[in-house]
Amino acid sequence: MAQPCAGDHPPRSLPLLHRGRQGLTCRYRCGDACARPEPNRSANPYFGEVLQTVLDRRGVLRAGAVLGLATGATALVGAAGASSAAAAPAGPLPAAPERSPAPYGLNYETVPPNTDDAVRVPRGYAQQVVVRWGDPIVPGPPEFDFDGQTAEAQAQQFGYNNDFCGLILLEGPARRWVMFSNHEYTIEPLMFREYDAAAPTEEQVRIGLAAHGLSVVEIVRDRTGRITVDLAGSRNRRITGTSEFVLDGPAAGSSLLRTSADPTGTVVLGTFNNCSGGVTPWGTFLSGEENVNQYFANADPADARLARYGFEEGASERGWETVEPRFDLAKEPNEANRFGYVVEVDPHDPRSRPVKHTALGRFKHEGATVRLSKDEHAVVYLGDDERFDYVYKFVSSKTMRNGHSRQAREHNKTLLSDGTLYVARFTGDSPQADGSGTLPEDGAFDGSGEWIKLVSGSTSFVPGMTAEEVYVFTREAGDKVGATKMDRPEDVEPHPTTGHVYIALTNNTDRGKAGKAGPDEANPRVDNKHGHVIELVEADDDPTGTRFSWSILLVCGDPADPSTYFGGFDKSQVSPITSPDNVAFDTHGNLWISTDSGAALGQNDGLFGVSLRGDTRGRTTQFASVPVGGETCGPVVTEDFVLISVQHPGDVDDASPANPGSTWPDGPGTQPRPAVVNIWHEGEDGRPARIGI
Ligand code: FEO
Ligand code: CA
Ligand code: CA
């Protein structure tokens with residue numbers, strides 16, 4: 001049986017869940033990554049002290065379009081259909097005391113840590129499910145029937161385990177957005193009443209393929225604050241595990257990417273394990289292919305390149321190779337090389353084929369977030385979410401064209417096709433960290449850093465590797481140039497106004513173990529169960545440059561734990577937080593963090609607001625929590641509402657359809673269903689009020 005991904009120790013001051021997060025998430029999302037040796041066995045060394053560069057910390061992000069995520073809304077149009085559980089802020093545990101004035105945008109009653117089978121939001125806030133697994137997103141499919149699922153219906157319904165969520169505001173009189181969700185992975189033992197993992201039926205395999213992928217839907221917000229899917233939306237579509245993708249960029253067509261079904265090396269079927277993502281300033285959505293190794297069978301154990309990505313011999317977890325031979329690496333060894341990319345979807349052209357960008361490298365991509373340089377090069381920040389893997393950035397060779405003309409749009413959709421890919425090296429400015437999390441004598445975990453150039457167009461800067469090899473075996477390139485081994489880099493996202501980049505490092509319980517990398521100033525805790533958040537500042541506020549400074553903003557965990565750090569803020573006034581995963585920003589400049597593995601502190605996962613400014617910098621308070629066994633993903637924080645994605649609710653010990661671990665969102669007698677949830681502030685006049693005001 002798999003080991004839990006994180007958190008095998010009871011919390012200091014919080015009750016244990018009576019049913020813990022179970023191994024299904026680990027098996028079906030990550031391929032039990034945490035229970036296996038980390039794929040990075042490189043002897044890639046740590047670099048010692050180097051000159052610390054004093055950097056200008058001012059910064060202004062050029063692009064306003066990303067802010068489209070966080071613009072206000074008032075609205076029209078009718079709602080209904082979705083379930084609505086009333087906000088219930090009271091819980092069995094005390095809220096963190098709030099003695100200091102709340103920063104603008106974070107003025108809400110802190111949600112206490114809890115283990116409830118419900119979404120909890122602050123008093124005075126309402127919530128509602130926008131769309132859940134199995135809901136139709138186009139006209140036509142039957143209503144969801146847990147016991148009567150078909151692949152044909154699933155391909156027209158919202159997929160399983162939605163993670164990232166992005167919004168683009170649409171023009172017009174009503175408050176409409178196009179919403180993008182990805183469907184990271186399936187948990188077949190919770191999806192099917194009769195499921196034999198050793199012999200899945202062909203229809204179960206095909207339902208699994210259809211439940212992966214992406215959803216694009218138009219949504220509308222009404223006067224009361226409720227949000228519904230407009231089934232008539234012209235942009236609505238599902239992209240599944242069998243949809244055609246175009247392989248794009250410098251490695252497209254490479255012999256490394258050709259298969260018997262695609263001798264051109266340019267067309268791939270499907271996208272899998274899409275984790276986080278991003279919204280581009282030119283109006284497209286990005287999504288990262290993460291733990292793709294688990295979908296493939298029969299890897300050659302002697303192939304070090306497959307091993308570096310975690311591909312293994314034997315049958316795959318879901319047995320897809322029994323239905324589609326392309327998942328059998330003994331038959332199609334190059335099929336593995338066609339997954340592990342950032343994908344881009346143009347939501348405004350539902351007939352367009354989504355694209356896989358080889359220029360952004362191939363690894364276990366978490367997300368992809370864009371900042372524009374002053375001269376409008378697209379800079380994309382990227383994390384490789386595995387223990388001891390790396391942080392990357394890409395700088396486009398072309399610049400963005402403004403305007404809404406078709407020519408401008410088509411040009412901008414080529415920005416991620418050509419550029420320069422870098423990997424990060426972090427250097428501390430204090431003596432070697434002792435692994436306890438104790439702050440160094442200079443009062444900060446901080447230092448300088450370098451973006452190491454890996455490849456630019458067709459030119460490789462990595463000794464012994466061609467450019468095509470760098471794009472397809474990017475982890476190996478990072479090993480060779482001495483990138484810093486990090487504690488599972490998840491979201492890496494630039495602040496929309498300062499340009500500072502926030503890196504969520506979710507956890508790494510192997511840090512400091514015998515034979516593995518020890519602590520350094522950027523990853524300062526051994527047995528790092530609760531993760532940390534780094535703030536990175538580009539030198540001269542130029543994201544196209546190669547130098548940066550950095551400091552740790554949060555060292556997460558129970559605030560009573562001496563190894564935790566909340567930006568220097570009074571720890572008696574913050575919420576316990578563990579395993580930071582996704583980050584977002586509000587229009588007031590606050591950071592928001594959603595978590596994965598709250599069980600490491602004996603609590604459900606949640607969404608937390610974090611102040612970045614002044615005397616309240618580091619003030620971290622919980623805004624929402626998700627049901628038992630679930631993970632909080634994909635936060636979108638606007639002035640008027642917050643969306644969260646509730647992934648794998650009910651994934652707890654011994655759960656099954658006969659013994660569900662959760663009955664959220666539909667209540668007693670039902671199966672748990674991953675969903676997007678809308679949260680809004682109920683004003684005194686019955687109309688929605690601003691979030692956090
Ligand atoms: Fe899918 Fe990195 O979490
Ligand atoms: Ca220091
Ligand atoms: Ca994640």
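Trainee: Which residue of β29 stands opposite L607?

Mentor: In general, strands of a sheet pair through backbone hydrogen bonds, either parallel or antiparallel. Here L607 faces A624 in β29. Strand β28 (residues 606-610) and β29 run antiparallel and are joined by five bridges. Two strands count as paired if DSSP finds at least two bridges between them; strands are DSSP runs of E with at least two residues, helices are runs of H or I with at least four, and both are numbered from the N terminus.

Trainee: What is the order of the strands in this open sheet?

Mentor: The order is β26-β27-β28-β29, four strands with antiparallel pairing. At the edges stand β26 (580-585) and β29 (620-625), each with a single partner strand, so one side of each has no neighbour in the sheet. From one strand to the next the twist averages 25 degrees; axes are lines fitted to C-alpha atoms, for helices over the stretch in contact, with angles from 0 to 180 degrees between N-to-C directions.

Trainee: On what conventions do these values rest?

Mentor: The model is predicted, so local features need pLDDT of at least 70 and side-chain atom pairs count only at pLDDT 80 or more, whereas totals for chains, interfaces and linings use all residues. Residues are numbered from 1 along each chain as its sequence is written, chains are lettered from A and ligands numbered from 1 in the order in which they are written, and side-chain values use heavy atoms, with hydrogens and water left out.

Trainee: Which residues coordinate the calcium ion (ligand 2)?

Mentor: Donors are N, O and S atoms within 2.8 Å of the metal (3.2 Å for Na, K and Ca); water is not among the atoms, so sites may look incomplete. The calcium ion (ligand 2) is held by D429 (OD), S430 (OG), D442 (OD), D442 (OD), A444 (O), D446 (OD) and E521 (OE), at 2.2 to 2.8 Å. D429, in the loop between β17 (419-428) and β18 (446-456), and E521, in the loop between β22 (501-505) and β23 (532-538), are 92 residues apart and link distant parts of the chain.

Trainee: Is E521 buried or exposed?

Mentor: Buried means under 20% relative accessible area, exposed over 50%, and partly exposed in between (1.4 Å probe, protein chains only). E521 counts as buried because its relative accessibility is 5%, while D429, at 23%, is partly exposed.

Trainee: Why is helix α8 (residues 474-481) described as largely enclosed?

Mentor: Seven of its eight residues are buried, so the rest of the structure largely encloses helix α8. Among the buried residues of α8 are R475, E476 and D479. Just after α8, G482 has a positive phi of about 80 degrees.
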